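Please consult the sequence and the structure below while reading.

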Amino acid sequence: MPLTARRLLIPFAACLAVVLVLLPAQDGAKWLAVGAGVVLLLVAGLGLTTAAGRDDRRAVRYASFVAVLTAIALLRAGIGANSGFGPLIFLPVMWAALERRRGELLAVLAGIAVVYFLPLLLGDLHGHDLASTWRGATLMLVVSTGVGFAVVGLVEHVRDEASRSQAILDAMGEGFALTSDGEIVLVNPALCAITGFAADELMGMRPPFAFWPPESREVNHALMRRIVADGGGVFEIELVRADGTRFPAEISAVPTDLGDGRRCFLNTVRDVTRLHAHEAAQRRHAEQLAAITDVIREIGHCDPLEARPTICRTALALCDGAHAVSIWEVDDDGALTTTATVPEAAAPYRIEAHAQEHGAHVVMTSGQPLFVPDARSSPHCDRRIIEHLGAASVLYMPIGDRTGVRGALALSWPEPLAAATDSDLLLVGVLAGEAAIAMQRADLLGRLDELTRTDELTGLPNRRAWDELLTHELASADRHNGSVSVAMLDLDFFKRYNDEHGHLAGDRLLRAAAAAWQSELRTSDVLARWGGEEFALMLPGCDGAGAAALVERLRGTLPDNVTFSAGVATSDGRTAPRALVDAADQALYTAKATGRDRVVVG
């Protein structure tokens, strides 16, 4: 017999027991009627119990109601109207009201009217006062009607509240379980979806629960006992689904009182797999931001002359497992050449301009990164370089900004990879963007440095560059017991030449002198423009006589029969640069003073 039917049968059984106990013991009762009434009560109770909650047994319920009313009428007839069994009339009223069957309730009320008013209409008073009997019958009908419809309203309100609560439970995205003394007595669909167990499998389950991993059941049981002792709490454990998959879950246990004295807990279960994944992603994002900040700081603050090696070292530090990196840039003839490598190569690598399938060519053309999982068999990689590096997979990243692509960054891994990670692509992409700025800055500073050391008119080293070169050469001569000669050369009557031919012609003469003299000098000699029409010549390994002979060879190389005067001074490496230049300058002054167009050795 279903649980609901058993619960409904209990009140009827109790009432029947009370009826039997309260039957009068004196003679005069119509025991046949009384017995029939008791039997009908028992039959009515069984009928209503079996028909409870079932719409297809409406006839059984009506027959049971008729049986109850007939039983009450028989008891009243068998013992008397004042037998005290009148309140039994509320049994069918409450039954119909509790099931919210208004039509059946009206039928029961009509039956009550028949039971109470029909004897009055037939005059069957058995010596009772007419007024009091009518009053009692009317009150019984009115009270039954009021109680019946009040109970119907109350039941509908309770069921509406229960429906709303159930709807809320069903709509919850989090799992919900109500436990009573450790037993699961209520669950929602979300918990079934989370655990993979059906509701009927979960209901009635007791510790150790089936969704606890076998190896942690003792630990979880101890945790559960502690939570009960502490009066609830929030904790995180691993659970296992019906299909065997595992997941982290956060459980919030809150004690509650259902009013029946049992210790109950409302348990909210959340699958925190996505939360953990989100937290891990946030950590990775924070690490990436920190790495990007480090990249920007490292590249932005590095020595411009060290920009390219710094870019390579930073790239290796960013990508786990990468073992080599290089920067590729286009040479003057269109070929690709490495301008920095880590580890440092003995000589730059070179890819000819016609090798357009090479990864560096591809990314510089497309502006998009290229990952090569199998570098040894790919046309995007040079086999000679790959074998030398021992590379299995390569990532090519274009180095460029809004102005265009200026190079390619190539990272290689010794073990084959299926694909580059999003983190590697992001970080190397940021690095490549910063690299473009750093390389452009380095090139501009290099060009600026070159301009500050070069005479703009003649292309010769200027006075600043000369000072550095002379200092370096004198130090070298001192270490190797060598000698260095310096000659100061000055064009004769240059001002007059300018006045006669114009300043543009004078500039052409200066350029012609620089070019003519450079063609006659050794590769180790350094010619610089000292200022105006004066030039400085450094001659390593030459004594005074040798220097004078070399300068004499420069005679007759100037256009328009222009001549020059020269002063020569020689050092053994221990003379200060300034003193050596002053000595040569003094010799030049002597050459000028003694008629020009000559060489004087100081």
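## Strands 1 and 2

L178 has L186 in strand 2 as its bridge partner. The model discussed here is predicted. Strand 1, which covers residues 175–180, pairs with strand 2 through four bridges, and the sense of this pairing is antiparallel.

Five strands make up an open sheet, arranged in the order 2-1-5-4-3 with antiparallel pairing. At its edges are strand 2 (183–187) and strand 3 (233–240), each of which pairs on one side only. From one strand to the next, the twist averages 35°.

Helix 9, formed by residues 217–230, lies across strand 3, strand 4 (246–257) and strand 5 (263–271). Relative to strand 3, helix 9 runs at about 160°.

## Strand 14 and its partners

Strand 14 spans residues 534–540 and pairs with two strands described here. Strand 12 (residues 484–491) is joined to strand 14 by seven bridges, and the two run antiparallel. Within this pair, L537 of strand 14 stands opposite A487. Strand 13 (residues 526–531) also runs antiparallel to strand 14, with five bridges between them; here M538 in strand 14 is the bridge partner of V526. The hairpin of strand 13 and strand 14 has two residues between the strands, and G532 takes a positive phi near 60° in this hairpin.

## Side chains of strand 14

In a regular strand, side chains alternate between the two faces of the sheet. On strand 14, E534, A536, M538 and P540 point one way, while F535, L537 and L539 point the other way. Seven of the seven residues in strand 14 are buried.

Note on methods
Residues numbered from 1 in each chain as written. Predicted model: local features only at pLDDT ≥ 70, side-chain atom pairs only at ≥ 80, totals over all residues. Heavy atoms only, no water. Buried < 20%, exposed > 50% of the residue type's maximum accessible area, 1.4 Å probe, protein only. Pairing = 2+ DSSP bridges. Axes fitted to C-alpha atoms, helices over the stretch in contact; angles between N-to-C directions. Contact = heavy atoms within 4.5 Å.
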